[in-house]
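Hello,

Here is the structure I promised to pass on to you. Have a look at it first, and then read my notes below.

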Amino acid sequence: MMDLQDVIVNLRALAKQDPAVRDRLLATRDAENAEEVFCQVATELGQTISITELAFAGEADYAAMRRATNGGGENSPVLRGEDDYYDLFMCELEAMKNADK
């Protein structure tokens, strides 16, 4: 089974190859349950990921960063958005789309 990083790399490659795939992934932002719909679309594209995996991966990475900063105390910096793989990937896709214009 692929991990989240593998899935994101593969989805990025698919989105670069096919603007329709990129636009389909970007369209998930408009759904009420955007991350869940994103996981469904990714799975349909052969890149299986669960909503739990997507949410937990960002939290786990953020927790690791906090533990690595000043011994993990409460003085660790607040990193807004650094734990949200979905939003970061949407930004990448949006940049990719703007580069095509």
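Which helix of the protein chain has the lowest mean pLDDT, and which the highest? Please keep in mind that this is a predicted model. The lowest mean pLDDT among the elements belongs to helix H4, residues 51–68, at 69, and the highest to helix H2, residues 19–27, at 98. Over the protein chain as a whole, the average pLDDT is 83, and 73% of the residues score at least 70.

Now to the overall layout. The protein chain has five helices and zero strands, so the order of elements from the N terminus reads α-α-α-α-α. Of its 101 residues, 31% count as buried. If you take the contacts between residues at least 6 apart in sequence, 59% of them join residues at least 24 apart.

Next, a helix pair. Helix H1, which covers residues 4–17, packs with H2 at an angle of about 125 degrees, and the two axes are 5 Å apart. H1 and H2 are therefore oblique to each other, because an angle of about 125 degrees falls between the range of 65 to 115 for roughly perpendicular and the limit of over 145 for roughly antiparallel. On the H1 side, the contact is made by Leu11, Leu14, Ala15 and Gln17; H2 contributes Pro19, Val21, Arg22 and Leu25. Sorted by class, the contact of H1 with H2 has six nonpolar residues, one polar and one charged.

Leaving aside neighbours within four places in sequence, leucine 14 is in contact with Val21, Leu45 and Gln47. Leucine 14 and leucine 45 are 31 residues apart along the chain, and their C-alpha atoms are separated by 8.7 Å.

Leu45 also turns up with arginine 24: that arginine touches Val41, Glu44 and Leu45, not counting residues up to four places away in sequence. Arginine 24 has its place in helix H2 and, at 36% relative accessibility, counts as partly exposed. Between the C-alpha atoms of arginine 24 and valine 41, which are 17 residues apart along the chain, the separation is 7.9 Å.

Where is isoleucine 49 found? Its place is the loop between helix H3 (34–44) and H4. Is isoleucine 49 buried or exposed? Its relative accessibility is 5%, and since buried means under 20%, isoleucine 49 counts as buried. Not counting residues up to four places away in sequence, isoleucine 49 touches Leu4, Val7, Cys39, Ala42, Thr43 and Leu54. Isoleucine 49 and methionine 2 are 47 residues apart in sequence, and their C-alpha atoms are 8.6 Å apart in space.

Finally, the cysteines. How many disulfides does a search of the whole structure find? The search finds zero. Cysteine 39, one of the residues that isoleucine 49 touches, has a relative accessibility of 5% and counts as buried. Cysteine 91, by contrast, counts as exposed: its relative accessibility is 52%, and the cut-off for exposed is over 50%. Cysteine 91 lies in helix H5, residues 85–99.

The structure is now in your hands.

Best wishes

Conventions: Residues are numbered from 1 along each chain as its sequence is written. This is a predicted model: local features need pLDDT of at least 70, side-chain atom pairs count only at pLDDT 80 or more; totals for chains, interfaces and linings use all residues. Side-chain values use heavy atoms; hydrogens and water are left out. pLDDT is the predictor's confidence in each residue, from 0 to 100. Helices (H or I, at least four residues) and strands (E, at least two) are DSSP runs, numbered from the N terminus. A disulfide is a pair of cysteine sulfur atoms within 2.5 Å. Buried means under 20% relative accessible area, exposed over 50%, partly exposed in between (1.4 Å probe, protein chains only). Axes are lines fitted to C-alpha atoms, for helices over the stretch in contact, and angles run from 0 to 180 degrees between N-to-C directions. Angles under 35 degrees count as roughly parallel, over 145 as roughly antiparallel, 65 to 115 as roughly perpendicular and the rest as oblique. Contact means heavy atoms within 4.5 Å. Ala, Val, Leu, Ile, Met, Phe, Trp, Tyr, Cys and Pro count as nonpolar, Asp, Glu, Lys and Arg as charged, and the others, Gly among them, as polar.
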